[in-house]
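Q: I am new to this structure and would like to learn how to read its features one at a time. Could you take me through them slowly?

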Amino acid sequence: MAGEQLLLTALMGVLLISVVVLLRRSEDWRSYTPLAGGGVYGGETGVAHEEKPSGLIRWFTTVDHKDIGMLYGLYAIIAFVVGGLMAVGIRFQLITPEGALFSNNFYNAILTSHGITMLFLFGTPIIAAFANYFVPLLIGADDMAFPRINAIAFWLLPPGALLIWGGFFLEPLTGGAVQAAQTSWTMYTPLSVEQTLGLGGPNPGADLMLLGLHLTGVSATMGAINFIATIFTERGDDVSWANLDIFSWTILTQSGLILFAFPLLGSALVMLLMDRNLGTTFFAVDGGGPMLWQHLFWFFGHPEVYILVLPPMGLVSLILPKFSGRKLFGFKFVVYSTLALGVLAFGVWAHHMFATGMDPRLQASFMAVSLAIAVPSAVKTFNWITTMWNGSLRLTAPMLFCVGFVANFIIGGVTGVFEASVPVDQLLHDTYHVVAHFHYVIMGGIAFAVFAGIYYWFPIFTGKMYQRRLATWHFWLTMIGTNVTFFPMIILGYEGMPRRYATYTLTVGQVDLFAFMHQLATVGALILAVGQLVFVWNVVTSWLEGPVVDEGDPWNLAKYGQQTKEWDWHEQRLTTALADGGDQAGGADPDGNTDVATDDDSD
């Protein structure tokens, strides 16, 4: 087994060296000339651009922030589909107390991969998709500060996904010598250190998963540095800190969180890999101890929640006023609350560890900060509600998803306040109440904001308009499915149903009630799945055959004084396309080549 691991390491080294050699042969890293379509807005570049290559070459070599945003989006949606299928499998497994589908080991494997897929392969990349495409447009920048690093950050993600899912692919090919990791997404020691195959040997699938996580962390850190540099140095002359849009504020705060949190996760992963393969004792009882992993992981893990939720809050804060006919109420307070969340996020990690027996005085301090961090989120919630109060509401699909976000986020936030209290957490820790709270924020909040952003900006990145009735159906199926899936889990938590169990015939409690609630949650998961099928059908068919948007303000934002820079850019792009005789939105021909930019043509 040691020889096989050494061979795998050698092959990985050869692959990395080959990539470096290929890049050195194909690129001149000492010079950089922006490609066409770099999102130039608001000024002349004085640079004549060549046309982009067409086909796959364009997507493999692009450094255009808009193209990279599209790549992030495609990658994230694929991960969302994979993670969603795993979730449906989990729900069907729990229909009966004895487990309906899988063995315990396979259930643990898909449970682990579902969490990691949704958090690291969907959550962070889908936010990067919006940020890459729209932050330069919103701040009047030509492109990201480091376009090539931007591309590299994305291309680290596909191999990361293959490594994370590698155990599922390799198990049948290796006759079970490699299996998917079964550590849960938190990778608690000593389980993650000692996880072995049925025959007693180490499981390389867990090592592959840890390496894949490490790649995704490096990708996120590179992207965060790029966003910070872009927002600080690339803003247009008319964009100051006072009038910087709220979405860019949340991306800046998120990037700061990533910069401090993800390197710590990377260090912890390296130590865990060394414990597993080199015999070190970072997390052994006679070394640092198992609790060390929990401290390191949750010092990353709780800021990670705000890494995921702050940009969706920014999306809602940006989009909701557009369809309320009013400016965002208390803009400065929303910015201050965003910065407060970024700071307080690093002071609450140990509320995940109230049941570990830590000193009660430490528990009290972390409880106090965990309760205090609810205040900035409440500020945002009241500001969103006040923005809608007496407004001219237009219930478009983006607006519906914003309202759904607020409703679900309130439920997720209130359940979180209960768990922040030490006495209540002692009862609810590691039950389905935690699962419900977390998913109300992740699925009921983040996913809703993502859908709002996709529908809101759909005319910009496709040049088409989606089918509005299907989008409404998508909202209602998703809203109903989310609550039917996760609200029963709140009841399961209060009744003491533990999470991460593949079967529950021997659990303490009312097994019949547990089974009914799990069956109800499974019905909700099916409703959710149907809603996402409607979404995919709507997006694909509308992109291919939808009506072309030939106006720069399809949402009639100018009437309400809500038109922002990205729509000005879109309008200028359409004008340029018409002037050049183009018939495609965005000035692109069917092969994806952009118009040649001159001194008088900023895109």
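**Two neighbouring helices**

A: Helix 13 (residues 360-372) and helix 14 (residues 374-388) pack at an angle of about 10°, with their axes 4 Å apart. Axes are lines fitted to C-alpha atoms, for helices over the stretch in contact, and angles run from 0 to 180 degrees between N-to-C directions. Helices are DSSP runs of H or I with at least four residues, strands are runs of E with at least two, and both are numbered from the N terminus. This is a predicted model, in which local features need pLDDT of at least 70 and side-chain atom pairs count only at pLDDT 80 or more, while totals for chains, interfaces and linings use all residues. Residues are numbered from 1 along each chain as its sequence is written, and side-chain values use heavy atoms, with hydrogens and water left out.

Q: How are helix 13 and helix 14 oriented to each other?

A: Angles under 35 degrees count as roughly parallel, and helix 13 and helix 14 are therefore roughly parallel to each other.

Q: Which residues meet between helix 13 and helix 14?

A: Contact means heavy atoms within 4.5 Å, and on this basis Ser370, Leu371 and Ala372 of helix 13 meet Ala374, Val375 and Pro376 of helix 14.

Q: Which residues have the most contacts inside the largest nonpolar core?

A: In soluble globular proteins, nonpolar side chains tend to be buried together. A nonpolar core is a set of buried Ala, Val, Leu, Ile, Met, Phe, Trp, Tyr and Cys residues joined through side-chain atoms within 4.5 Å, where buried means under 20% relative accessible area, exposed over 50%, and partly exposed in between, with a 1.4 Å probe and protein chains only. Here the largest such core has 159 residues, and those with the most contacts inside it are Phe130, Phe134, Met187, Tyr306, Trp384, Phe405 and Trp457. Leaving aside residues up to four places away in sequence, Phe130 touches Val135, Phe247, Leu315, Val450, Gly453, Ile454 and Trp457.

Q: Where does the protein chain stand as a whole, and how many helices does it have?

A: The protein chain has 20 helices and 0 strands, and 55% of its 603 residues count as buried.

Technical notes:
Parallel < 35°, antiparallel > 145°, perpendicular 65-115°, else oblique.
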